[in-house]
Amino acid sequence: MSGGWFGALLTLALAAVLAFLAIPVVAIFVQQPPGDVIAALGEEGALDALWLSLRTTSAALAIILVFGTPAAYLLATRRFRGRAAVITVIELPLVLPPAVAGIALLAAVGPSGLLGGLVEDAGLQLTLATAGVVVALTFVAAPFYLRQAIAAFEAVDTTLLDASRTLGASPARTFWRVAIPTALGGLAAGTALALGRALGEFGATLMFAGSFRGITQTVPLAIYDQFATDFTGAIALSAVLVAISAALLAAVKLVRGPDPLGR
Amino acid sequence: MRRAILVLLLPALVAGCGDDATVGDGGGSGTGGGGAALVVSAASSLKEAFTACGAQFDQAKVQFQFAGSDELGAQIRQGAPVDVFAAANTSLPEALAQEGKLEQPVNFATNRLVLAVPADSDIASLDDLVKPGVKLVVGAEGVPVGDYTRKVLANLGAEEIAAILANVRSNEPDVKGVVGKLTQGAADAGFVYASDAKAAGDDIKAIEIPDALGPTATYAAGVVKDAPHGDAAQAFLDDVQSGACHDALLKGGFGAP
């Protein structure tokens, strides 16, 4: 490090940043004896929460991929009036506080919400039910995938798409065989980010779906529930979430490789 | 380890609160010396009632801090510049008095658990909760209202308890979660304090629970030892026992001690 005192200043700043961000995460792993933490994970409540989080997150991701991928392709490849407004609407949940997301979902599809009657007529129960958790996770996580997917599709060289069509491939075939494989790295990164957001969802789930073991109590809700009564259990579940999130982040870095766009 | 961190943080928190009080005082000058306001630390559930009557208190300008009783008690232990402490129980003010932090506390209100249902509900009593399909929402275990709910249920017959617990659809981390689920039509019934049901307004109907099933929660308050505004603090305490604040409490669904 050259630059004398300035270099030292930069190093000091980095050390402060690193300590501030890393110590709380490290504390989760060292604050309680590892044996207690592992034992706490074996308890029924913890397993129920992990299993429920796995199921609801998978369901939400499936919905996001099926609807989000074509929608992102359309937004990336077509220019139309109001496109910017559409993208703004799609990105809005990114910056919404979770409590607002919960209120918004209640106002929209809650029993006395805007579309509550329709939901009921369809024989669906969302509030206080597992389906409601999936709705909440999808709402908050979808923008993370969509943003990445739009960027990934926009980065696909248009001459590739043109060539595919000139060679006689239908637009659908071009989408499947050229666009998706070329954008796969970005799509995978978006999937990982959405997965991370869905796994960590707390506020919208609590307000919209409630908290009940095995039905609506996902891992973050179980952590909050155990915080008062069973701190070791809360730490154990937190450690699992930290491990999964770290793995996701590492996977994103690996998939993207050296990013030519610097994103 | 955890405790050590808390101890390190507390003075900072208290200092922060103290600063807030000073900043808040700057604007209005009460009748107290130096123009500082009377600082009242009160349990969250007292917010509606105290906010209503505090404006009418003419001895001094009153500045309220509403939070969990435990949190407020901890601040007073650390020497926060507070004049009156009003808690949602009797044990905490008594403990503070024993430690010499509070003058002799007085019981000033009671609160009781009720069964809250949406205004148009068919549910009329605890017995209706055993019917299959009733969506019941309660406070989680470890949360005061949740523990209190379980205490009341424990006085019912074993079969009734099992049937009612089978209908629980959500264990909420606080009373607001229970009330919210009811006003949004997501749940059919929930257990809350009478004052919460009252504060929720016309959307919610409160069904009384027989006295035999559960003791009422008693609220106690006291003047902080060496309070900055001792006279005004005593006057406020009197008001809470028999003046405008007393009336506001009764109006808000609280009972007399």
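Predicted model: local features only at pLDDT ≥ 70, side-chain atom pairs only at ≥ 80, totals over all residues.
Student: What is the mean pLDDT of chain A?
Tutor: The mean is 90. In chain A, 95% of the residues reach 70 or more.

Student: Where in chain A is confidence lowest, and where highest?
Tutor: Lowest is helix α11(A), residues 219-229, at a mean of 83. Highest is helix α7(A), residues 130-154, at 96.

Student: Take α7(A), then. At what angle do α4(A) and α7(A) pack?
Tutor: About 120°, with the axes 8 Å apart. Helix α4(A) spans residues 83-95.

Student: Which residues make the contact?
Tutor: From α4(A), A:I90, A:E91, A:P93 and A:L94. From α7(A), A:F139, A:V140, A:P143, A:L146 and A:R147. By class, that contact has 7 nonpolar, 2 charged and no polar residues.

Student: Is the crossing left-handed or right-handed?
Tutor: The crossing of α4(A) and α7(A) is left-handed.

Student: Switching to chain B. What is the strand order in the open sheet?
Tutor: The order is β7-β6-β8-β5-β9 in chain B, 5 strands with mixed pairing. The edge strands are β7(B), 168-172, and β9(B), 204-208. Twist averages 35° from one strand to the next.

Student: How many bridges join β6(B) to β7(B)?
Tutor: 4 bridges, and the two strands run parallel. B:V137 stands opposite B:S170 of β7(B).

Student: Which strands does helix α5(B) lie across?
Tutor: Helix α5(B), residues 144-153, lies across β5, β6, β7 and β8 of chain B. The helix runs at about 115° to β6(B).

Key:
Residues numbered from 1 in each chain as written. Chains lettered and ligands numbered in written order. Pairing = 2+ DSSP bridges. Axes fitted to C-alpha atoms, helices over the stretch in contact; angles between N-to-C directions. Contact = placed C-beta atoms within 7 Å. pLDDT = per-residue confidence, 0-100. Left-handed = near helix turned anticlockwise from the far one by under 90°. Nonpolar A, V, L, I, M, F, W, Y, C, P; charged D, E, K, R; others polar.
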